[in-house]
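Please look through the structure below before reading on. The report that follows treats its strands, its helices and its nonpolar cores in turn.

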Amino acid sequence: MKLRVGVLQLDVALGDREKNRKNVEKWMASVSVPSDIPTAVVIPEIWDVGYALDRAAELADPEGKGAAEFLGRLAKQYGVWFVGGSVLASTGSGYANRAQVINPRGELVAYYDKVHLIRLMEEEKYFTGGRKECLFSLEGAKAGCVICYDIRFCEWLRTYALQGTEVLFVSAEWPSSRADHWKTLLRARAIENQMYVVACNRCGITGDAHFGGGSMILGPKGEILFEGGEGEEAGFVTIDLDEVTKTRDFLTVFNDRVPEIYGTHLR
């Protein structure tokens, strides 16, 4: 099975939802082409308002419904999936860093509340962390979604692979000061879990924070299929999910695990 996967590596205007929506619309209009292959597009973490967490009461999108409706209209217009692109959402239990999965009919079919909250960005002061993974079928492909800091937790992403995930989507606002970590971790997660990784990072500057772009699409052996630069850009790659099966059949990592000796040390 083949999928067409793409990243919209965008700058994010702090606290300006309307400007950010117009930017997504502009880029979709400029890069979208008709395709008989199912297409999934990823946009950055908190693409709607950026890390304006101190203004959460003012800016939060109730349950992310406004963002889902906006992306739903674009999904129907261009016949694509949107996977990831998290938003600042208000929920019954507080605020969440919430990634959304929208199908080409414009329907919200899944969402993911970021599990691992990064203290460097003071997320724990504002967000309630999620407690479950995001697994879904993308036109028959076994897909999953995580956000930014999550990729540092190999045990979390391994749970996705153990449930059959073939392609993992990542939305991020990763700083350029740790760009080498971003590249290394993404390749490691692809290699150790033998799956495609489609990772979209923000670019641009907010205050003293510089976000380095460098979005990546990686194959199940860690091969780099696309790597973005530092500015706004889009990249699309057609991937073949049969390569996941071939890779896992050749090097039987999952069959060779010895979980009974791992004990409780991972807790």
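In which sense do strand S11 (residues 196–201) and strand S14 (residues 216–218) pair, and over how many bridges? In this predicted model, S11 and S14 pair in the antiparallel sense, over three bridges, and Val198 has Ile217 in S14 as its bridge partner.

These two strands belong to an open sheet of six strands with mixed pairing, in the order S8-S9-S10-S11-S14-S15. Strand S8 (135–138) and strand S15 (224–227) stand at the edges with a single partner strand each, so one side of each is left without a neighbour in the sheet.

| Helix | Strands touched | Angle between directions |
|---|---|---|
| H5 (residues 154–162) | S8, S9 and S10 | about 165 degrees with S9 |
| H6 (residues 179–193) | S10, S11, S14 and S15 | about 25 degrees with S14 |

Elsewhere, strand S2 (residues 39–42) is covered on both faces, with Thr39 and Val41 buried on one side and Ala40 and Val42 buried on the other. Strand S1 (residues 2–9) runs parallel to S2 and is joined to S2 by four bridges, and the chain crosses from S1 through helix H1 (residues 17–31) to S2 in a right-handed β-α-β crossover. Ala40 stands opposite Val5, and the bridge partner of Ala40 in S4 is Trp81.

The largest nonpolar core has 48 residues, and Phe169 is one of those with the most contacts inside it; residues that Phe169 touches include Val5, Ala40, Val83 and Val198. A second, separate core of 20 residues includes Leu8, Met28, Val41 and Ala75.

Conventions
Residues are numbered from 1 along each chain as its sequence is written. This is a predicted model: local features need pLDDT of at least 70, side-chain atom pairs count only at pLDDT 80 or more; totals for chains, interfaces and linings use all residues. Side-chain values use heavy atoms; hydrogens and water are left out. Buried means under 20% relative accessible area, exposed over 50%, partly exposed in between (1.4 Å probe, protein chains only). Two strands pair if DSSP finds at least two bridges between them. A crossover is right-handed if, with the strands pointing away from the viewer, the path from the first strand over the helix to the second runs clockwise. A nonpolar core is a set of buried Ala, Val, Leu, Ile, Met, Phe, Trp, Tyr and Cys residues joined through side-chain atoms within 4.5 Å. Contact means heavy atoms within 4.5 Å. Axes are lines fitted to C-alpha atoms, for helices over the stretch in contact, and angles run from 0 to 180 degrees between N-to-C directions. Lists of a residue's contacts leave out its neighbours within four places in sequence.
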